[in-house]
Amino acid sequence: MRVLIADDEVLLREGLDRLLTETGVEVAATVGDAPALLRRVEELRPDIAIVDIRMPPTHTDEGLVAALKIREEFPGTGVLVLSHYLDSRYAMQLLDRYPEKVGYLLKERVSDLSVLLDALRRIAEGECVVDPTIVTRLMSRRRRGDPLDLLSKREREVLSLMAEGHSNQGICDLLHLSLRTVEAHVGNIFAKLRIPESTDRHRRVLAVLTLLRST
């Protein structure tokens, strides 16, 4: 797997470079701003770009805008955006427009190398990954009349794990359930959230978007 790291924090950028290289991930380049990110992605076409949301010059959403442009112009490159801030709007903007090969993690999460590598692997396989902290917060802040209220406790657990990017088999392993049981819960989630028939991957993304919109 070849990745490109874009972050204006030198220590974090160099630390990620070292950690990923030690695990066998090829770091194609590191950059400190959005224009350099876009140039290097065009030149190197990495499998995944790891992008800080807030970068120079304004430190607002330059990284997010660049991430959206990468998914639009270089569909072979996935994007993992990192943020200091717990804000589901960033994740929703990404998934709303490009529901495959994208992820959103809090920066504090990358200190756990296994979590970072798992997210990179799943994004490379075409999945979407949302930070578990965001999922937990959304589940605890549901509004009155929220469609998620229709779900059972177990179905909400399954939906949370879907949002974190886990496959049905991964959910089986985590919840110690049979594949048939998990598939039944996933089917119930689609039905209760009134998600129309389509490919399984598309329906899973629509379910995750329902969760992200429930703030």
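**Backbone features, salt bridges and a buried glutamate**

In this predicted model, K101 is placed in the loop between α4 (88–97) and β5 (102–106). The backbone at K101 has a positive phi of about 60°, although K101 is not a glycine. K101 is also buried, because its relative accessible area is 18% and the cut-off for a buried residue is under 20%.

The loop between β3 (48–52) and α3 (62–73) contains P57. The peptide bond that joins P56 and P57 is cis, with omega at about 5°. H59 lies in the loop between β3 and α3 as well. A positive phi is found at H59, with a value of about 55°, although H59 is not a glycine. With a relative accessibility of 38%, H59 counts as partly exposed.

The next features concern charged side chains. Side chains of opposite charge can pair when their charged atoms come close. The structure contains 11 salt bridges. One of the salt bridges joins the side chains of D118 and R121, with a distance of 2.5 Å from N to O. D118 and R121 are three residues apart in helix α5 (residues 113–124), so about one helical turn separates them. D118 has a relative accessible area of 23% and is therefore partly exposed. R121, with a relative accessible area of 38%, is likewise partly exposed. R121 forms a salt bridge with E125 too, and here the closest N and O atoms are 3.4 Å apart. E125 is partly exposed, its relative accessible area being 49%.

The side chains of E157 and R154 meet at 2.8 Å, N to O. Both residues, E157 and R154, lie in helix α7 and are three residues apart, which corresponds to about one turn of the helix. E157 counts as partly exposed at 30% relative accessibility, and R154 counts as partly exposed at 31%. Elsewhere, salt bridges that share partners join D7, E9, D52 and K107 into one network.

Helix α7 also packs against another helix. The axes of α7 and helix α9 (residues 179–192) are 9 Å apart, and the two helices pack at an angle of about 95°. Helix α7 is therefore roughly perpendicular to α9, because angles of 65 to 115 degrees fall in that class. On the side of α7, the contact is made by R154, E155, V158, L159 and M162, which meet H185, V186, N188, I189, F190 and K192 in α9. Of the residues in the contact of α7 with α9, six are nonpolar, two are polar and three are charged.

E164 is found in the loop between α7 (153–163) and α8 (168–175). The relative accessibility of E164 is 14%, and E164 therefore counts as buried. Which side chain of opposite charge is nearest to E164? That side chain is R122, at 6.4 Å. A salt bridge requires a nitrogen and an oxygen within 4 Å, and E164 has no salt bridge.

D118 and R121 pair within helix α5, whereas E164 is buried and has no salt bridge. K101 is buried as well, and the backbone of K101 has a positive phi.

Key. Residues are numbered from 1 along each chain as its sequence is written. This is a predicted model: local features need pLDDT of at least 70, side-chain atom pairs count only at pLDDT 80 or more; totals for chains, interfaces and linings use all residues. Side-chain values use heavy atoms; hydrogens and water are left out. Helices (H or I, at least four residues) and strands (E, at least two) are DSSP runs, numbered from the N terminus. Buried means under 20% relative accessible area, exposed over 50%, partly exposed in between (1.4 Å probe, protein chains only). Lys and Arg count as positive and Asp and Glu as negative; His and the chain ends are not counted. Axes are lines fitted to C-alpha atoms, for helices over the stretch in contact, and angles run from 0 to 180 degrees between N-to-C directions. Angles under 35 degrees count as roughly parallel, over 145 as roughly antiparallel, 65 to 115 as roughly perpendicular and the rest as oblique. Contact means heavy atoms within 4.5 Å. Ala, Val, Leu, Ile, Met, Phe, Trp, Tyr, Cys and Pro count as nonpolar, Asp, Glu, Lys and Arg as charged, and the others, Gly among them, as polar.
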